[in-house]
Amino acid sequence: AIAAPGVPAPADLGHALTRLTGSASQPCALTLEVTTLIDAEGHTIDVPATATVNLLRGDARADGRVSIADALFIAQHLVGSRPACTTEVTLLCLHSVNAASVRQDGALDRTSIADALFIAQHLVGTRDGNFVLVQ
């Protein structure tokens with residue numbers, strides 16, 4: 001949430017569906033540009049104009065690289081022993097965008113055990129960094 005005058009914290013300012021175009025080795029830069037933000041009474045709220053985040057497909061731990069730990073984080077999340085990051089990305093929670101974008105399984109990517117398996121297959125060389133099956 002972005003703290004802004006006239007908006008009680010925490011404020012849910014919007015949602016976005018994101019599909020990463022990078023790979024396990026090439027980050028995808030996501031830039032959010034806010035052009036206008038108006039409160040319930042119609043008053044314009046001043047907010048920072050842009051924010052950029054670098055995302056990496058498969059980096060479920062958000063430590064800057066794809067490793068077997070990322071596959072384990074996904075598996076732990078699926079059985080309920082690892083929370084998803086909500087307000088802050090740390091090494092203790094699952095980075096949902098990076099994890100769900102591994103397999104890219106439809107319009108609404110969902111994190112599943114297949115994402116963990118794709119990471120493991122990539123690490124042993126049977127899938128490339130785009131998580132495409134290597135012939």
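This is a predicted model: local features need pLDDT of at least 70, side-chain atom pairs count only at pLDDT 80 or more; totals for chains, interfaces and linings use all residues.
Colleague: Where is S67, and what makes S67 count as buried?

Modeller: S67 sits in the loop between β2 (50-55) and α1 (68-78). Its relative accessible area is 11%. Buried means under 20%, so S67 is called buried.

Colleague: Which residues does S67 touch, leaving out those up to four places away in sequence?

Modeller: S67 touches I119 and L123. Both I119 and L123 also belong to the contact that α3 makes with α1.

Colleague: Which residues of α1 are buried, and what covers them?

Modeller: A69, D70, A71, F73 and I74 are buried in α1. The cover over the buried residues of α1 includes α2 (96-100) and α3 (113-123). After α1 comes G80, which has a positive phi, near 90 degrees.

Colleague: Why are α1 and α3 called roughly antiparallel?

Modeller: Two packed helices are described by the angle between their axes and the distance between the axes. For α1 and α3 the angle is about 165 degrees, and the axes are 8 Å apart. Angles over 145 degrees count as roughly antiparallel, and therefore α1 and α3 are described that way. The crossing of α1 and α3 is left-handed.

Colleague: Which residues make the contact of α1 with α3?

Modeller: On α1 they are I68, D70, A71, I74, A75 and L78, and on α3 they are I113, D115, A116, I119, A120 and L123. Sorted by class, this contact of α1 with α3 has 10 nonpolar, no polar and two charged residues.

Colleague: What makes the link of C85 and C93 a disulfide?

Modeller: The S to S distance between C85 and C93 is 2.0 Å. A pair of cysteine sulfur atoms within 2.5 Å is taken as a disulfide, so C85 and C93 are joined by one. The link of C85 and C93 is right-handed, with 95 degrees about the S-S bond.

Colleague: How many disulfides does a search of the whole structure find, and are C85 and C93 buried or exposed?

Modeller: The search finds one disulfide. C85 and C93 are both buried.

Colleague: Where does S101 lie, and how do you know whether S101 is buried or exposed?

Modeller: S101 is in the loop between α2 and α3. The relative accessible area of S101 is 1%. With the limit for buried set at under 20%, S101 is therefore buried. The C-alpha atom of S101 is separated by 9.9 Å from that of F131, and these two residues are 30 residues apart along the chain.

Definitions and conventions:
Residues are numbered from 1 along each chain as its sequence is written. Side-chain values use heavy atoms; hydrogens and water are left out. Helices (H or I, at least four residues) and strands (E, at least two) are DSSP runs, numbered from the N terminus. Buried means under 20% relative accessible area, exposed over 50%, partly exposed in between (1.4 Å probe, protein chains only). Contact means heavy atoms within 4.5 Å. Axes are lines fitted to C-alpha atoms, for helices over the stretch in contact, and angles run from 0 to 180 degrees between N-to-C directions. Angles under 35 degrees count as roughly parallel, over 145 as roughly antiparallel, 65 to 115 as roughly perpendicular and the rest as oblique. A crossing is left-handed if the near helix is turned anticlockwise from the far one by less than a right angle, and right-handed if clockwise. Ala, Val, Leu, Ile, Met, Phe, Trp, Tyr, Cys and Pro count as nonpolar, Asp, Glu, Lys and Arg as charged, and the others, Gly among them, as polar.
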